[in-house]
Amino acid sequence: MNTFTLKELFEKGERMHHITNTAYPLRPTSLLRYKIKDAEEIRNLLKNDISKIDELALYVHVPFCQSRCKFCEYAVVSGDDFDKKEEYVQALLKEIDMYKEIVGDKKILGYDIGGGTPTQLEIDQLKRITEKIFKTFNFDENTEASIETTPVIAARDFDKIASLYDMGYRRISMGIQTINPKLLEAFGREGNNNIYKSACENIRAAGFKKFNVDLMYGFLNQDMDDFKATLEYAISLKPEYITLYRNRYKGTKIAEEAEHVTLDKVNNQYKEAWRILNAAGYETPYGKNTFSRIKNDYGTSDYLTKRVIEGLPYIGMGLGAQSFGYQYLAYNSGAATKTLKNYFTKIEKGEFPIQDIYPLPISEAISKMISVAFYFAFLDLNNFKKRFNIDFLEYFKEEVEFLTNQGFIEIKDGMMIVTEKGVENVGGVIPMFYTKESREELMNMTGMF
């Protein structure tokens with residue numbers, strides 16, 4: 001039994017909103033009690049877990065960036081490792097082969113290649129990865145492949161962007177983040193209106209009809225006028241989708257700024273963005289971060305959409321990539337160190353390049369799926385039942401009663417929907433669905449992280 005009330009848990013989550021609003025689990029060490037290390041045991045776990053499913057998604061991570069942006073938390077390499085692209089591609093192809101015998105002919109319903117910056121690779125390298133993925137796995141005929149690029153590469157290398165379309169990618173995402181030159185300089189990013197315009201022209205000329213622009217908010221030195229100017233500029237580029245990312249701070253070079261960024265600030269920025277984007281024809285339920293101007297299109301890639309709505313298991317390949325199987329969670333080598341050495345070493349030994357892997361009890365798998373569902377601000381109760389064979393409303397009876405009574409969620413049409421009030425207090429709402437152990441961990445945390 002927890003020694004605290006749901007109200008106290010909610011209030012603690014609100015105070016720790018910069019961490020409760022990030023992906024589950026709370027810390028890299030949160031699940032250590034479940035960790036396994038033996039290479040053969042890991043292989044058997046993967047084989048047994050994946051044998052229980054018929055469908056899954058794939059993610060391939062390309063970690064190369066010219067430099068690490070100060071707001072970046074991901075497994076990104078630069079410096080000496082930046083020149084090891086060909087060695088990395090060869091290792092990645094071997095990792096794909098490792099999964100071939102385990103995945104077999106199971107249906108692939110989503111595939112993303114992200115980073116880092118996938119388009120830092122040469123055309124031939126991208127082609128070899130893409131052909132390997134498509135030839136190795138059994139893709140559903142309706143699965144749409146998605147890839148990421150940067151404005152600079154899209155603007156300066158049309159041939160590369162065109163080659164992506166020829167390879168079979170149909171959705172492309174580009175991070176602008178902000179058009180404020182002072183913020184760009186402070187974060188170590190290159191960009192200006194001419195670059196963005198040229199990038200968009202090349203993406204369209206290459207044939208892409210599903211184009212997403214990423215923007216960020218919640219920065220300490222980003223005022224509302226700055227943010228609105230960025231929103232209006234992004235709208236003027238006429239992408240099909242605009243995705244808003246709240247800066248998560250944890251694991252970044254500017255983590256110390258988090259305590260000075262208030263919940264009111266991030267809520268007001270999202271609220272204004274939602275108003276502006278909807279007025280411009282970009283629609284989404286309140287609380288969801290991807291806005292679409294295409295009717296009945298969530299705007300996210302197949303990989304992310306099916307992860308969030310259906311709890312579809314996924315395998316991540318490449319440096320630091322995350323996997324969430326039927327009932328395991330794993331992080332590849334490099335997730336902590338952000339270096340290639342250990343990833344290469346494991347591949348050379350013929351081992352899965354996994355840094356941490358945890359066979360999960362059902363309670364942890366449930367908390368992981370629900371935490372991810374908050375990306376879309378709703379949970380499909382039928383999909384939850386299908387995934388876990390558990391009635392959500394019964395399993396979380398007290399929590400649902402507390403949240404509905406407070407006006408944070410509503411149960412409607414087979415969905416748990418986060419209300420506008422719930423979205424603005426989501427840091428307190430999400431922990432309601434943590435495991436007993438994670439609730440206690442949160443209650444015992446001090447400081448921002």
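On one side of helix 15, Asn382 and Lys386 are exposed. Exposed means over 50% relative accessible area, buried under 20%, and partly exposed in between, with a 1.4 Å probe and protein chains only. This is a predicted model, in which local features need pLDDT of at least 70 and side-chain atom pairs count only at pLDDT 80 or more, while totals for chains, interfaces and linings use all residues. Residues are numbered from 1 along each chain as its sequence is written, and side-chain values use heavy atoms, with hydrogens and water left out. Helices (H or I, at least four residues) and strands (E, at least two) are DSSP runs, numbered from the N terminus.

**Helix 15**

- Helix 15 spans residues 381–388.
- Its buried residues are Leu381, Asn383, Phe384, Arg387 and Phe388.
- They share one side of helix 15 because they cover an arc of only 160° around the axis. The arc is that of the directions from the helix axis to the C-beta atoms.
- An α-helix has 3.6 residues a turn, so residues three or four places apart point the same way.
- Asparagine 389 is in the loop between helix 15 and helix 16. Its relative accessible area is 63%, so asparagine 389 is exposed.
- The phi of asparagine 389 is positive, near 55°, in a residue other than glycine.

**Helix 17**

- Helix 17 covers residues 397–405, and Glu399, Val400, Phe402 and Leu403 are buried in it.
- These residues lie on the same side of helix 17, because their arc around the axis is only 165°.
- The face turned away from that buried side carries Lys397, Glu398 and Asn405, which are exposed.
- What covers the buried residues includes helix 1 (6–15), helix 16 (392–395), strand 14 (409–412), helix 19 (426–429) and helix 20 (436–443). Contact here means heavy atoms within 4.5 Å.

**The cavity**

- The structure holds 1 cavity of 30 Å³ or more. A cavity is a set of points, on a 1 Å grid over the protein atoms alone, where a 1.4 Å probe fits but cannot get out.
- The largest cavity has a volume of about 50 Å³. Grid points are joined across faces, edges and corners, and a volume is the space filled by probe spheres set on the points.
- Arg307, Gly311, Leu312, Tyr314, Phe324, Met369 and Val372 line the largest cavity. Lining residues have an atom within 4 Å of a point.
- The lining divides into 5 nonpolar, 1 polar and 1 charged residue. Ala, Val, Leu, Ile, Met, Phe, Trp, Tyr, Cys and Pro count as nonpolar, Asp, Glu, Lys and Arg as charged, and the others, Gly among them, as polar.

**Buried residues and their contacts**

- Arginine 171 sits in strand 5 (residues 169–177). It is buried because its relative accessible area is 8%.
- Leaving aside neighbours within four places in sequence, the contacts of arginine 171 include Glu144, Phe208, Lys210, Tyr241 and Ser301.
- Threonine 305 is in helix 12 (residues 302–310). Its 13% relative accessibility is why threonine 305 counts as buried.
- Not counting residues up to four places away in sequence, threonine 305 touches Tyr298, Thr300, Glu310 and Phe376.
- Isoleucine 276 belongs to helix 11 (residues 263–279). With a relative accessible area of 6%, isoleucine 276 is buried.
- Isoleucine 276 touches Lys228, Leu231, Glu232 and Ile235, residues up to four places away in sequence not counted.
- The C-alpha atoms of isoleucine 276 and glutamate 232 are separated by 8.0 Å, though they are 44 residues apart along the chain.

**Cysteines**

- The structure holds 0 disulfides. A disulfide is a pair of cysteine sulfur atoms within 2.5 Å.
- Cysteine 65 counts as buried at 13% relative accessibility.
- Cysteine 200 counts as buried at 8%.

- Most residues other than glycine have a negative phi, and most peptide bonds are trans.
- The peptide bond from glycine 115 to glycine 116 is cis, with omega near 20°.
- Glycine 116 lies in the loop between strand 2 (107–115) and helix 5 (123–136).
- Asparagine 296 is not a glycine, yet has a positive phi of about 60°.
- Asparagine 296 is in the loop between strand 8 (290–292) and helix 12. At 86% relative accessibility, asparagine 296 counts as exposed.

Conventions. 1 Å grid on protein atoms, 1.4 Å probe; cavity = no way out; pocket = protein on both sides within 12 Å on 5 of 7 lines; lining within 4 Å.
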